[in-house]
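Please look through the structure shown below. The paragraphs after it go through a few of its features in turn.

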Amino acid sequence: EEVEVWGDTTSLPSKLGWPDDGSFEPLWHDDVAAALDGWKAENSVAISGARFVALSGHVARLERAISSFFLDMHVNDNG
């Protein structure tokens with residue numbers, strides 16, 4: 001059941017290199033991370049239980065970079 005829809009994939013900017021013929025298929029972030037072999041859900045569940053995920057490799061570095069960016073942005077903007 002679809003609960004909420006946000007955005008329209010047909011209106012994504014073609015200047016970013018996405019196809020404008022309607023063939024663009026967005027993926028969930030966890031599907032992208034799993035395809036990059038950086039999403040270790042099964043391993044982390046064995047370690048700590050449900051609803052915990054271990055990240056590795058480039059995906060873990062990306063997660064840290066995004067977190068650092070937003071922490072820096074909020075500290076700079078809000079003191």
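How many salt bridges does a search of the whole structure find? The model is a predicted one, and the search finds one salt bridge. It joins the side chains of D37 and K40, with 3.0 Å from N to O. The two partners can also be placed by their accessibility. D37 has a relative accessible area of 51% and counts as exposed because the cut-off is over 50%. K40, at 22% relative accessibility, is partly exposed.

The largest share, five residues, comes from α3. Sorted by class, the lining of the second largest pocket has eight nonpolar residues, two polar ones and one charged one.

Together with F69 and F70 they form a nonpolar patch, and the four have about 400 Å² of accessible area together. F70 lies in helix α3, the helix that gives five residues to the pocket lining. Is F70 buried, exposed or partly exposed? With a relative accessible area of 40%, F70 is partly exposed. Residues need over 30% relative accessible area to be part of a patch, so F70 at 40% passes that cut-off.

Notes: Residues are numbered from 1 along each chain as its sequence is written. This is a predicted model: local features need pLDDT of at least 70, side-chain atom pairs count only at pLDDT 80 or more; totals for chains, interfaces and linings use all residues. Side-chain values use heavy atoms; hydrogens and water are left out. Helices (H or I, at least four residues) and strands (E, at least two) are DSSP runs, numbered from the N terminus. Ala, Val, Leu, Ile, Met, Phe, Trp, Tyr, Cys and Pro count as nonpolar, Asp, Glu, Lys and Arg as charged, and the others, Gly among them, as polar. Patches are made of residues with over 30% relative accessible area and no salt bridge: like charges are joined within 9 Å, nonpolar side chains (Val, Leu, Ile, Met, Phe, Trp, Tyr) within 5 Å. Accessible areas come from the Shrake-Rupley method with a 1.4 Å probe; for residues, only the protein chains shown count as cover. Buried means under 20% relative accessible area, exposed over 50%, partly exposed in between (1.4 Å probe, protein chains only).
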